[in-house]
Structure formats: structure tokens, C-alpha cells
Amino acid sequence: MDRKECSSCCKEPTGSVPVPRIIEKIDSLFARNEYEEAGRVLDYWEEEARKLNDEKGLLTILSEKVGYYRTRQEKEKGLSAVEEALGILEYTEDDESINNATIYLNCATTMKAFGKAQESMQYYEKARAVYEKHLEKDDFRLAGLYNNMATAFQELKDYDSAIASYEKAISVLKSKEICGEIAVSYVNLANLYFDRDTAPGSIDFSKSEEYMNLAFEVLSSGNLKKDGNFAFICTKCAPAFGFFGYFMEKEQLLKWADEIYSR
């Protein structure tokens, strides 16, 4: 990826934006599925961070926008935000920062989503090195890292590495008593086995069906908290259920999500 010189590196900061309050506001908007308003909030605070020469705040806002554009499928804006965020990180000296590792992970995931899986791997590795060194073995963030790395391996047809990475994510998630995110790993594995085990004249759905059934078993558990995160997981998994012919299950997931968002 081409590097642009960080435009704010030589400027003295004149203030800072209220990052915790911004993140709290963005999370609440995402939980209510109000993405357009979230975009406006991010645009406003990006402009404020630039006015204040608040490089740290700008980096956080850019990381949020990287994820926002990925969710909205806005490729050009997403990759532009990735490029600027990585440009700022290039000038930071804290290679052991968990926050910076999270930004590398977010950038890598967006790069992969927009067709740059091979290029994304170096940034996944940067995040992995810091996460595995500094986080507890059962930290949710490790599961997110392994899940996202696995999707990149899968796109690159490195199925063995992808399966190993998904299994690491599941191991982390199983250490939690109640965790809806494990369904995402199961759905991802179902898709992986479909990619791996289907070819002209040879289609094997057995592993895919196994993991789709496990995913719905998790999501239909009465112990899961029915909140915005659960709704997001349902909408994320629903298309896969339709793809594999689980139409009733797909409709149930969408119904649960709609009920939560309507509240």
C-alpha cells in the first residue's frame, strides 16, 4: 500500500476530542441500527479532530470510520480511511499498544472485505503479535482476531490455516458461559467447508449442515441476552441460513432482530 506522509505529524495539538463519549454515542446508534446518523456523528468529530490537530483522536475516529464504511459497503471511502489510519500508525512509536493493534485488525478486516486479502495479512499479523502477548487467553478480542484472520485465509484458499484459526476462536468463545458470537464462527466454518468440499460433480454438504445446526442451536438458546449485539449477530448469520436452505431459521433470526431494533 502506498504511504502518504502523515499530514498532522508536524503540528502541535491544540486540544482533543472526547473519544469515550464519541464511542459510546456511536455504539448506541449502531445498536439501534441508525447507521446514517452514526455516519454524521463520525464526520463531525473527524472534522473537529483535524481542527484541533488531535492525531490520537483522529486515529480513533478513522478506525471507527473504517469499520463503518465496511458495514456500509463503501469501498472507496473505506480504503481511503484505511490508508490514512495506517499512515498515522506508521509514525507512532508504541508497537506494543493494544489500541493500535485493534486499529491494525480493523484496517486488515476492511482491506480483506474490499478484495485485498493478501495485503491484509501483514496487518493481521501485527495485531496477532500484540494480542497474543498482552491479552488474557480468554479475551473476546482474540476470538475476533482469529475469526477475521480465518476469513482472509479462506479467501486465499488456505483452508487448513482458516480451520485452525476458526478453532482458536471457538476455543476462546467456549470459555465463556454464554456467548452468541460462537454462532458466527460456526456459520463461517459452514461456509468454509462448502467452499472446500464442493466441486463440479462432487458436492458434500455434511460438514456445512453440521455447523449450521450448531449455529442455530446457539442462537435459539433461551439464555442469550436479546440486545443489539444479538440482533446484529442474527442479521449477520441470516443470509447463510437462507443460502443453505434453512429458510424457517433465517426468518426466525430476522424476526428476532426486527423485534429488538423496533424497541
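# A guided tour, helix by helix

Begin by selecting helix 7, residues 140-155, whose 16 residues reach 23 Å from the first C-alpha to the last, close to the 22 Å expected at 1.5 Å a residue. The expected span of a helix is 1.5 Å times one less than its number of residues, and helices here are DSSP runs (H or I, at least four residues), numbered from the N terminus. This is a predicted model, in which local features need pLDDT of at least 70 and side-chain atom pairs count only at pLDDT 80 or more, while totals for chains, interfaces and linings use all residues. Residues are numbered from 1 along each chain as its sequence is written, and side-chain values use heavy atoms, with hydrogens and water left out.

**Around helix 7**

Stay on helix 7 and colour its buried residues, among them Leu-142, Leu-145, Tyr-146, Met-149 and Phe-153; buried means under 20% relative accessible area, exposed over 50%, and partly exposed in between, with a 1.4 Å probe and protein chains only. What covers these buried residues includes helix 5 (98-113), helix 6 (117-134), helix 8 (159-174) and helix 9. Now pick Leu-145, which touches Leu-105, Tyr-124, Ala-127, Arg-128 and Tyr-131 when residues up to four places away in sequence are not counted, a contact being heavy atoms within 4.5 Å.

Move to helix 12, where the 16 residues should span 22 Å at 1.5 Å a residue, and the end C-alpha atoms are 22 Å apart, which agrees. Its buried residues are Leu-253, Trp-256, Ala-257, Ile-260 and Tyr-261. They cover an arc of only 130 degrees around the axis, which puts them on the same side of helix 12; the arc is that of the directions from the helix axis to the C-beta atoms. This buried side packs against helix 1 (19-31), helix 10 (206-219) and helix 11. Which exposed residues are carried by the face turned away from the buried side of helix 12? They are Phe-247, Met-248, Asp-258 and Ser-262.

**The aromatic rings**

Show the rings of Phe, Tyr and Trp, of which the structure holds 14 aromatic pairs. Rings (for Trp, the six-membered one) pair if their centres lie within 6.5 Å, and planes under 30 degrees apart count as stacked, over 60 as edge-to-face and the rest as tilted. The rings of Phe-230 and Trp-256 have their centres 6.0 Å apart and their planes at 45 degrees, so this pair is tilted. Phe-230 lies in helix 11 (residues 228-243) and Trp-256 in helix 12 (residues 247-262), so the pair ties together parts that are 26 residues apart in sequence. Both partners count as buried, Phe-230 at 3% relative accessibility and Trp-256 at 19%.

Compare Phe-243 and Phe-244, whose ring centres are 5.0 Å apart with planes at 85 degrees, so the pair is edge-to-face. Then select Phe-216, Phe-230, Phe-241, Tyr-246 and Trp-256 together, which ring pairs link into a cluster.

Lys-226 lies over the face of Phe-230, at 5.0 Å from the ring centre, and Lys-207 lies over the face of Tyr-193, at 5.2 Å from the ring centre. A charge sits over a ring if NZ of Lys or CZ of Arg is within 6 Å of the ring centre and within 35 degrees of the ring normal.

**Loops and a last buried residue**

Turn to the loop between helix 3 (55-72) and helix 4 (75-90), where Gln-73 is found. Phi of Gln-73 is near 60 degrees, a positive value in a residue other than glycine, and Gln-73 is exposed, with a relative accessible area of 56%. In the loop between helix 7 and helix 8, select Lys-157, which has a positive phi near 65 degrees and counts as exposed at 54% relative accessibility.

Finish at Val-41 in helix 2 (residues 35-51), which is buried, with a relative accessible area of 12%. Leaving aside neighbours within four places in sequence, Val-41 is in contact with Lys-25, Ile-26 and Leu-29.

How values were computed: Helix = DSSP H or I, 4+ residues; strand = E, 2+ residues; numbered from the N terminus.
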